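I opened my notebook beside the viewer today. Here is what I looked up, entry by entry.

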Amino acid sequence: MEKIIVLGTSGAVTNARRDNVSLVFCAEQEGEAGQYILLECGGSAAHKLAKVGVPYHALKEIIVTHTHIDHFYGLSGLIFAMMYRDMQRETPLRISCPECALDVLIGFLDFFNLREDCPCPLYVHGVPLKEHAAIFENEAVTVTASPVDHSPKTPTFGVK
């Protein structure tokens with residue numbers, strides 16, 4: 001990883017100076033442009049990405065650690081913005097979440113017809129809640145997840 005960009009650090013309640021949690025990790029691959037990975041998609045992630053100069057087309061992966069609304073409600077606005085800002089994109093966008101949250105995230109995206117209307121393929125990938133579960137790997141980075149205790153009703157994983 002080359003750098004981490006903080007888009008938001010607030011808890012469930014935002015204020016005038018802090019947006020909900022979202023972090024961008026930039027991995028450099030030899031001979032290629034940076035690959036951007038978005039961890040959590042709360043708040044106005046689309047606006048924040050544009051503000052810090054991360055192009056939508058460079059975003060390859062989005063990881064949502066659990067389904068508290070402040071961790072994923074920015075997803076609909078981000079994908080909607082990508083549809084209009086990056087209409088030529090053919091590269092798939094993959095969204096990873098705990099396996100048991102697949103129905104929640106798919107239902108959220110389908111409520112807005114985003115999987116159907118988005119010109120690029122959207123893949124929602126369920127990650128098992130077990131130690132060192134693979135999220136994805138390439139030449140630049142390996143990302144794994146392990147279960148963490150966050151809320152008894154909301155299965156959550158931590159990311160490494």
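In which sense do strand β8 and β9 pair, and over how many bridges? I found β8 (residues 142–151) and β9 paired in the antiparallel sense over 5 bridges.

**Ground rules**

I am working with a predicted model, where local features need pLDDT of at least 70, side-chain atom pairs count only at pLDDT 80 or more, and totals for chains, interfaces and linings use all residues. Residues are numbered from 1 along each chain as its sequence is written, and side-chain values use heavy atoms, with hydrogens and water left out.

**Entry: the sheet**

I kept to the DSSP naming, in which helices (H or I, at least four residues) and strands (E, at least two) are runs numbered from the N terminus. Two strands count as paired if DSSP finds at least two bridges between them. On that basis I read an open sheet of 3 strands in the order β7-β8-β9, with antiparallel pairing. β7 and β9 (154–159) each have a single partner strand, so one side of each is left without a neighbour in the sheet. Neighbouring strands here are turned by 40° against each other on average, direction ignored; the axes behind that angle are lines fitted to C-alpha atoms, for helices over the stretch in contact, and angles run from 0 to 180 degrees between N-to-C directions. I also noted S151 standing opposite T154 in β9.

**Entry: the cores**

Next I looked for nonpolar cores, meaning sets of buried Ala, Val, Leu, Ile, Met, Phe, Trp, Tyr and Cys residues joined through side-chain atoms within 4.5 Å. Buried means under 20% relative accessible area, exposed over 50%, and partly exposed in between (1.4 Å probe, protein chains only). The largest core has 35 residues, and L38, I62, L75, L78 and I79 have the most contacts inside it. Helix α2 (residues 74–85) gives the largest share, 6 residues. Not counting residues up to four places away in sequence, I62 touches L38, C41, L75, L78, L93, R94, I95 and S96. A second, separate core has 13 residues, including I37, A133, V143 and A145.

**Entry: helix α1**

Which residues of α1 are buried? I listed A45, A46, K48 and L49. Seen down the axis of α1, the buried residues fall within an arc of 165°, so they line one face of the helix; the arc is that of the directions from the helix axis to the C-beta atoms. They pack against β1 (3–8), β2 (22–27), β3, β4 and α2. Just after α1, G53 takes a positive phi of about 85°.

**Entry: helix α3**

In α3 (residues 102–111) I found L105, F108 and L109 buried. These three cover an arc of only 95° around the axis, which puts them on the same side of α3. The buried residues pack against α2, β5 (93–98), α4 (114–117) and β6. The face turned away from the buried side carries the exposed residues D103 and F111. Just after α3, N113 has a positive phi of about 60°.

**Entry: the aromatic cluster**

Rings of Phe, Tyr and Trp (its six-membered ring) pair if their centres lie within 6.5 Å; planes under 30 degrees apart count as stacked, over 60 as edge-to-face and the rest as tilted. By this rule I get 4 aromatic pairs. F108 and F112 are edge-to-face, at 5.5 Å centre to centre with 80° between the planes. The rings of F111 and F112 have centres 5.0 Å apart and planes at 90°, so that pair is edge-to-face too. F108 is buried at 17% relative accessibility, F112 is partly exposed at 39%, and F111 is exposed at 67%. Together with F72, these residues form one aromatic cluster.

F72 lies in the loop between β4 (59–63) and α2, and is buried at 4%. Leaving aside neighbours within four places in sequence, F72 is in contact with C41, G42, V64, H66, T67, V104, L105 and F108.

**Entry: positive phi in loops**

Is E40 buried or exposed? E40 is buried, with a relative accessible area of 6%. Its phi is positive, about 75°, although E40 is not a glycine, and E40 lies in the loop between β3 (35–39) and α1 (45–52). H132 also has a positive phi, near 55°. H132 sits in the loop between β6 (122–127) and β7 (133–137) and is exposed at 56%.

Conventions:
Contact means heavy atoms within 4.5 Å.
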